[in-house]
Amino acid sequence: MYPETYTDNSLYPKQEDFEIVQDDKTGFGVITHKDFSRGDLVAAIHGEIIHDIRQHSLQIKPGVHLYDIHFSGYFLHSCAPNIRLDMKRMLVFATRKIKAGDYLLMDYAQTEDVLYKQFPCSCGSKRCRGWITGKKQAIDETDSQYQEFMLNKVVAV
Ligand SMILES: [Zn+2]
């Protein structure tokens with residue numbers, strides 16, 4: 001899935017094992033064609049090292065981000081993720097059983113101090129946080145999407 005200019009690494013995601021899909025509601029996502037057990041290494045990741053936060057970037061450490069528009073940048077968020085990212089070693093691990101056809105789902109707050117954009121979550125998990133921010137980020141109450149989210153919550157009650 002990565003360009004040939006990247007150094008050869010047999011742990012990089014292979015074209016036949018994963019697929020980037022686009023959904024009207026959730027946008028881009030990554031589906032696996034392979035089964036994984038809890039603890040399995042899913043893939044090694046790579047990309048451009050950048051110093052700003054972009055829509056598909058992942059934080060390596062404060063001020064340093066990975067911009068991978070071939071694979072990991074398209075992981076969708078879930079409050080009950082099935083993968084965990086080790087950004088020091090640039091590795092992705094399964095946190096529970098993953099079946100072929102499943103989306104790879106990470107918790108954005110696992111890696112991100114601050115999100116490119118906060119958003120309402122509809123992951124359906126019992127532990128869903130509802131409104132998703134980075135782990136060191138306060139809710140932006142001026143965000144029009146957040147105001148709409150709170151309004152819908154009130155209506156739902
Ligand atoms: Zn959620």
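Contact here means heavy atoms within 4.5 Å of each other.

## Basis

The model is predicted: local features need pLDDT of at least 70, side-chain atom pairs count only at pLDDT 80 or more, and totals for chains, interfaces and linings use all residues. Residues are numbered from 1 along each chain as its sequence is written, and side-chain values use heavy atoms, with hydrogens and water left out.

Asp17 is placed in the segment before strand 1. Setting aside neighbours within four places in sequence, Asp17 is in contact with Ile31, Thr32, His33 and Lys34. Asp17 counts as buried because its relative accessible area is 14% (buried is under 20%, exposed over 50%, partly exposed in between; 1.4 Å probe, protein chains only).

Strand 1 (residues 18-23) and strand 2 (residues 27-32) run antiparallel and are joined by six bridges. Strands are DSSP runs of E with at least two residues, numbered from the N terminus, and two strands pair if DSSP finds at least two bridges between them. Three residues separate the two strands, which form a hairpin. Ile20 has Val30 in strand 2 as its bridge partner.

## Zinc site

The SG atoms of Cys79, Cys121, Cys123 and Cys128 coordinate the zinc ion at 2.3 to 2.4 Å. Donors are N, O and S atoms within 2.8 Å of the metal (3.2 Å for Na, K and Ca). Along the chain, the donors follow the spacing C-x41-C-x1-C-x4-C.

The site is tetrahedral, with angles of 104 to 115 degrees among the four donor atoms; four donors count as tetrahedral if all angles lie between 85 and 135 degrees. Cys123 is partly exposed because its relative accessibility is 28%, and Cys128 is partly exposed at 27%.

Methods:
Tetrahedral: all angles 85-135°; square planar, octahedral: opposite > 155°, others 65-115°. Helix = DSSP H or I, 4+ residues; strand = E, 2+ residues; numbered from the N terminus.
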